[in-house]
Amino acid sequence: SCPDRLFASEIQSKLQTKILGKRIYYFDVLPSTMDAAESLARQHAPEGTVVIAEAQTKGRGRRGRQWISPKYKGIYLSIILRPDTAPGASSLITILAAVAIYEAISGLTGLEIELKWPNDIMFQNKKLGGILIELNAEADVVHSVVVGCGINVNSDKNSLAPASGSLKECLKAPVDRVALLKEILRAIEKYYLLFQHGRSAQILQAWRGHSNTLGSRVKVSSLNQQIEGQAVDIDSDGALLIRQDSGVIRKIFSGDVLNCKPD
Ligand code: BTN
């Protein structure tokens with residue numbers, strides 16, 4: 001029997017990618033794979049370099065939140081990309097990673113997950129995973145992007161935050177983390193290449209089809225405001241479009257979405 005460990009040799013065996021995962025740094029424990037990947041990126045690590053940890057002691061999510069990362073139970077992964085784009089296009093990287101993770105999880109497990117704008121992987125209102133993007137950029141040029149993915153794979157309920165769930169809890173069966181991680185790398189590479197080749201419309205179309213945000217009445221809290229209305233679309237740079245009751249369409253670049261219950 002194989003140990004359920006995300007060793008580089010396990011991941012690279014029959015991995016179907018050209019760029020992602022050619023170089024993998026594997027750790028038993030890290031504070032956060034984001035910091036390790038950022039430091040490798042500054043030392044000119046090539047695009048596609050991957051950092052994996054079996055546990056994180058300071059795993060982080062968006063807006064300074066903690067990402068609970070119990071050992072051997074999840075996928076905690078950071079990928080270094082060097083896209084040929086201006087910093088403004090980086091929200092699309094969150095969208096492409098979400099579409100890729102959707103494809104990997106639903107293809108491997110058949111679970112009918114949904115995507116919540118901008119970065120959440122959901123099943124029946126429980127958060128199963130999230131994406132964190134951190135840029136090293138100047139005003140008009142991106143040096144590197146670190147794409148962090150956290151998935152609650154085989155975590156037990158008692159080790160998770162109340163609004164979170166794991167694939168194992170949803171499926172009532174454990175999931176092969178090695179197979180899932182390989183699928184995530186394959187799918188992120190597929191959608192990243194579409195992005196690099198100017199075919200983002202295809203990514204956005206896939207996201208629209210998997211989203212539980214569009215068509216819902218939502219409340220979005222961003223740094224200094226709360227906006228309520230109907231989520232009508234995402235636009236070409238990944239921003240969320242909300243139609244307020246006044247009819248005005250507002251464009252939201254970042255924030256937390258709360259789906260309001262229908263009246
Ligand atoms: C979020 O939903 O807010 C994003 C969560 C991202 C968590 C992952 S786990 C791997 C990588 N390392 C981190 O510290 N965070 C990301």
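Trainee: Is Ser164 buried or exposed in this model?
Mentor: Keep in mind that this is a predicted model. Ser164 lies in the loop between strand S7 (142–152) and helix H4 (167–171). Its relative accessibility is 18%, and the cut-off for buried is under 20%. So Ser164 counts as buried.

Trainee: Which residues does Ser164 contact, leaving aside its neighbours within four places in sequence?
Mentor: Look beyond the loop between S7 and H4 where Ser164 has its place. With those sequence neighbours set aside, the contacts of Ser164 are Lys126, Lys127 and Asn152.

Trainee: Now Trp117. Where is Trp117 found?
Mentor: Trp117 is buried, at a relative accessible area of 2%. As for its place, Trp117 is in the loop between strand S4 (114–116) and strand S5 (120–123).

Trainee: How far apart are the C-alpha atoms of Trp117 and Val257?
Mentor: Leaving out residues up to four places away in sequence, Trp117 touches a set of residues including Ile95, Trp207, Phe253 and Val257. Along the chain, Trp117 and Val257 are 140 residues apart. Their C-alpha atoms, though, are separated by 7.0 Å.

Trainee: What is the phi of His44?
Mentor: Most residues other than glycine have a negative phi. His44 sits in the loop between helix H2 (33–42) and S2, and it is exposed at 69% relative accessibility. Its phi is positive, near 70°.

Trainee: And what is the phi of Asn125?
Mentor: Asn125 is found in the loop between S5 and strand S6 (126–137). Asn125 is exposed, with a relative accessible area of 65%. Although Asn125 is not a glycine, its phi is positive, at about 65°.

Trainee: What is the relative accessible area of Val51?
Mentor: Val51 belongs to strand S2 (residues 50–56). Not counting residues up to four places away in sequence, Val51 touches, among others, Tyr25, Phe27, Leu30 and Tyr76. Val51 is buried, and its relative accessible area is 0%.

Trainee: How many disulfides does the whole structure have?
Mentor: A disulfide is a covalent bond between the sulfur atoms of two cysteines. Take Cys170: its sulfur is 18 Å from the closest cysteine sulfur, in Cys149, and that is too far for a bond. Cys149 is itself buried, with a relative accessible area of 3%. Searching the whole structure gives a disulfide count of zero.

Trainee: How many nonpolar residues does the contact of H3 with H5 have?
Mentor: The crossing of H3 and H5 is right-handed. Residues of H3 that take part include Leu92, Ile93 and Leu96, and those of H5 include Ala179, Leu180 and Phe195. By class, the contact of H3 with H5 has no polar residues and four charged ones, and the nonpolar count is 17.

Note on methods:
Residues numbered from 1 in each chain as written. Predicted model: local features only at pLDDT ≥ 70, side-chain atom pairs only at ≥ 80, totals over all residues. Heavy atoms only, no water. Left-handed = near helix turned anticlockwise from the far one by under 90°. Helix = DSSP H or I, 4+ residues; strand = E, 2+ residues; numbered from the N terminus. Contact = heavy atoms within 4.5 Å. Nonpolar A, V, L, I, M, F, W, Y, C, P; charged D, E, K, R; others polar. Disulfide = S-S within 2.5 Å. Buried < 20%, exposed > 50% of the residue type's maximum accessible area, 1.4 Å probe, protein only.
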